[in-house]
Amino acid sequence: MNDPIKLIKPYISFDEVAEDIKEIFDTGQLTKGQHVDKFVAGLKDYTKAEHAFLTTSATTALTMSLKAIGIKEGDRVAVSDFSWPATCNVVEDLGATPVFIDVDRHTFNMCPKDLESKLYDHEGNKVKGVIVVDALGNPSGIMQLKEICTAHGIPLIQDSACAIGSSVDGIKVGAIADLTCYSFHPRKLLTTGEGGAVLTNNAQYAKWLTVKLAAGASGIKGRGLDFIDYGYNYRMSEIQALMGWIQLLKLDNITAERNTIASEYNALLRPLGFARQKTDDNVHHNIQSLIFTVPEGISRDALIDHLGTHNIESTLGTYCLSATTYYLEKYNDPQKNSLWLESNTITLPCYNGVDVNRVVEVIKSFGAL
């Protein structure tokens, strides 16, 4: 049997960090050291965001962002419906109510018209925040959504868990929304094993995050810290930050390479009826995940199984949040396009060295094509 083709491989090797990891252990500086500082500075320099804060995950980053804009129990928060459940779990966890916004079938991103139609409830109360997801790394449409939020005075959180390295009109994701959240999970282009970040250009949010992410500390009192508020420990370790910084240095090369591979797939699969996730002309997509909708009449699940029998890993695009058992039973508000995409999208392997021709030949051998 052929060697397995995994869905993704990390863009970092032990040799790249071995010397620095030894130094970390030799010095005993396992946290709050130079590598954390370098990674934070690197994120700000790369994105041109004024402030960056490392966290334990995108989930904690999203939670802190919601808290920063003042979301509390009973508030309504609009969320993109085609995403990983963390996008709405963080809203639910705070006792707020997620308002599911359907997505465009081509970009997979929040539909502006649906957002506008749901900004206000029957009593005229507007949502207190909007979480827009850059679906699978694609920030298409974010500027129009930002204009809507600005016009109505609603804070915009960009769930860019997948989108580090993407840009709109040359502006990197991270410097567009009021608050932007990254994930550094192993499925991401830039991974620290687990981890995340919050970026913002808003000085007020930054001041709040600085204190809250330091367990509430600000300055010195007597022989110790002065805790002026309660806060949290969502710190990233030195080893994680080192990993992130090393990959950040080559991120643009990684995204360019993945775009080339995606184009190779597209040229071979489009004649078969597969449609690649659409991006706006002014968008650079990092190709965090390479997603196609399958041809009409094709069982996406059966195709995934077929690829699996040939030692090729693939998966669905992502989830219709409003149709997951918990949210469907509680809110009964499934979104049409999102639900369709959950059943008709497939993620294919896309990274340096992947055998595109082998993957496509196996797809062609699927009996229904």
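This is a predicted model: local features need pLDDT of at least 70, side-chain atom pairs count only at pLDDT 80 or more; totals for chains, interfaces and linings use all residues.
**View 1. Phenylalanine 82 is a buried residue, at 1% relative accessibility.** The structure holds 11 aromatic pairs. One of them joins phenylalanine 82 and phenylalanine 108 edge-to-face, with 5.8 Å from centre to centre and 80° between the planes. Phenylalanine 82 belongs to strand S3 (residues 82-83), while phenylalanine 108 sits in the loop between strand S4 (97-101) and helix H5 (112-118), so this pair ties together parts that are 26 residues apart in sequence. Phenylalanine 108 is buried too, with a relative accessible area of 1%.

**View 2. Tyrosine 326 and tyrosine 327 form an edge-to-face pair.** Here the ring centres are 4.8 Å apart, and the angle between the planes is 90°. How exposed or buried are these two partners? Tyrosine 326 is partly exposed, at 44% relative accessibility, whereas tyrosine 327 is buried, at 4%. Because buried means under 20% relative accessible area, tyrosine 327 falls within that class at 4%.

**View 3. Phe100, Tyr326, Tyr327 and Tyr331 make up a cluster.** Ring pairs provide the links among these four residues.

**View 4. Lysine 38 lies over the face of tryptophan 245.** The distance from lysine 38 to the ring centre of tryptophan 245 is 3.7 Å.

**View 5. Lysine 212 lies over the face of tyrosine 230.** For lysine 212, the distance to the ring centre of tyrosine 230 is 3.3 Å.

Conventions: Residues are numbered from 1 along each chain as its sequence is written. Side-chain values use heavy atoms; hydrogens and water are left out. Rings of Phe, Tyr and Trp (its six-membered ring) pair if their centres lie within 6.5 Å; planes under 30 degrees apart count as stacked, over 60 as edge-to-face and the rest as tilted. Helices (H or I, at least four residues) and strands (E, at least two) are DSSP runs, numbered from the N terminus. Buried means under 20% relative accessible area, exposed over 50%, partly exposed in between (1.4 Å probe, protein chains only). A charge sits over a ring if NZ of Lys or CZ of Arg is within 6 Å of the ring centre and within 35 degrees of the ring normal.
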